[in-house]
Amino acid sequence: MANAASAELPRNKLTFLDKLKIAFNILPLPVVVIWALLKSPFTTRGRSLGWRRIAHDSAVRRIVKTLNRRQMRALVPTTLAGYLAFMKQENMEPLVEELGEDARLLWISPRETDRVLLYFHGGAFLFSTGPSAPAFWSFIQKNLKSRGHMVDAVMLNYTLVPDAMFPVQLMQAVLSIQRLLTLGYEPKNIHLVGDSAGGALLHQLISHILHPVERIPKLTLTSPLGSVYMMSPWTRMAERKGSHLHADEGEGDVIVRSTGTYWGAKVLHGASPSAIPYLEAASAPEDWLQGIDKCVKRVLITAGELEILCDDILDYGKHVARYLKDTTVIVQENAIHEDPLLDFFVGEKELGSLTPKILDWLEEGISR
């Protein structure tokens, strides 16, 4: 089913009551933002941020905490629409490749080198991504180019939950890799990047290579992939024994614990026990990632110090590092979920301490 048509499905269409609730919850945003700006000088994080981030983070926190899946989805254009808006803004010709199974590759740059960044977007598997996501990875690609490292950039347009459930998104990710291999990119020159749910999808992909899922095409590689970068990966979707989700009700992260578990319940709905290690990285068995060194050469995992997922992300990083020597885990001080993307989205002149480290790490891998 085409992504555009999914918006017209009854489960995704807004009722009159939905529209009323959206208005009710959005109307107070000016007051919420003003209050956040007024109290910002009295908090450590508030003093470290520009006014744009303070306004953005307070507004987003209010929206994600009060709106349900259907209402949130209605506020964001489709991923394809966001991509087309970005390409128009950049005065570039769109290049969309249909992969089948309602998946497509959206090329952020021309196809002109033998190396590629493949981006899996975030959004809790429930929401699309706007123009800011391809813009960020275009920014990264252009900066790598300015350093003398040519690399193409492309993003996967996958089907959202509940229009398709696991393992459909995994199948679409496999199809995207297979297409890049068909185009002539060697595994060592394919560099995968993903944020939040996109990071979770990267975990699914690695898990599938190690533990193939029935009815999903096997991904056979002649050599390990070049690198994998997970920004604030969604490692914990439900409250379980051993989970370390922080109780954050507006004092830091834009996503509070109740929102994260609500979204997670939507993604996990109907999932069999055997699917959990793929869907929720923090719940995978201790030896689940044994053999990852045969899948990818190097991995970078980053988290914000204040995000509710931070401790579970760090635990996951330890599991990766147990089986892959070239694993780097970075915690950005006084930062929240997807902090580099948020800086870029609001147009901060200073993009924080993490973005230069991402560039350095990618440069090292691409130059090998």
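Author: One definition to begin with: Ala, Val, Leu, Ile, Met, Phe, Trp, Tyr, Cys and Pro count as nonpolar, Asp, Glu, Lys and Arg as charged, and the others, Gly among them, as polar. Also, this is a predicted model.

Reader: How much space lies in the largest cavity?

Author: About 50 Å³. The count of cavities of 30 Å³ or more comes to one.

Reader: And how much space lies in the largest pocket?

Author: The largest pocket holds about 950 Å³. It is lined by 36 residues, and the closest to its centre are Val 60, Met 72, Ser 128, Glu 338 and Leu 342.

Reader: Which elements give two or more residues to that lining?

Author: They are helices H5 (51–66), H6 (69–75), H8 (132–146), H11 (257–268) and H14 (339–346). H5 gives the most, with four residues.

Reader: Which domains does the pocket lining draw on?

Author: At least three residues come from each of domain 1 (14–75) and domain 2 (77–367). By class, the pocket lining has 22 nonpolar, ten polar and four charged residues.

Reader: Switching to H8. How many residues has it, and what span does it reach?

Author: H8 has 15 residues and reaches 21 Å from its first C-alpha to its last, close to the 21 Å expected. Its buried residues include Phe 136, Trp 137 and Leu 144. Just after H8, Gly 148 has a positive phi of about 95°.

Reader: Now rings. How many aromatic pairs does the structure hold?

Author: Twelve. In one of them, Trp 137 and Tyr 229 have ring centres 6.4 Å apart and planes at 65°, so the pair is edge-to-face. Trp 137 is in helix H8 and Tyr 229 is in strand E6 (residues 227–231), 92 residues apart.

Reader: Are Trp 137 and Tyr 229 buried or exposed?

Author: Both are buried. For another pair, the rings of Phe 139 and Phe 344 have centres 5.4 Å apart and planes at 50°, so this pair is tilted. Phe 139 is in helix H8 and Phe 344 in helix H14, 205 residues apart.

Reader: Which residues form the aromatic cluster with Phe 139?

Author: Tyr 119, Phe 136, Trp 137, Tyr 229 and Phe 344 form one cluster with Phe 139.

Notes. Residues are numbered from 1 along each chain as its sequence is written. This is a predicted model: local features need pLDDT of at least 70, side-chain atom pairs count only at pLDDT 80 or more; totals for chains, interfaces and linings use all residues. Side-chain values use heavy atoms; hydrogens and water are left out. On a 1 Å grid over the protein atoms alone, a cavity is a set of points where a 1.4 Å probe fits but cannot get out, and a pocket is an open set with protein on both sides within 12 Å along at least five of seven lines; lining residues have an atom within 4 Å of a point. Grid points are joined across faces, edges and corners, and a volume is the space filled by probe spheres set on the points. Domain bounds come from an automatic or database domain assignment. The expected span of a helix is 1.5 Å times one less than its number of residues. Buried means under 20% relative accessible area, exposed over 50%, partly exposed in between (1.4 Å probe, protein chains only). Rings of Phe, Tyr and Trp (its six-membered ring) pair if their centres lie within 6.5 Å; planes under 30 degrees apart count as stacked, over 60 as edge-to-face and the rest as tilted.
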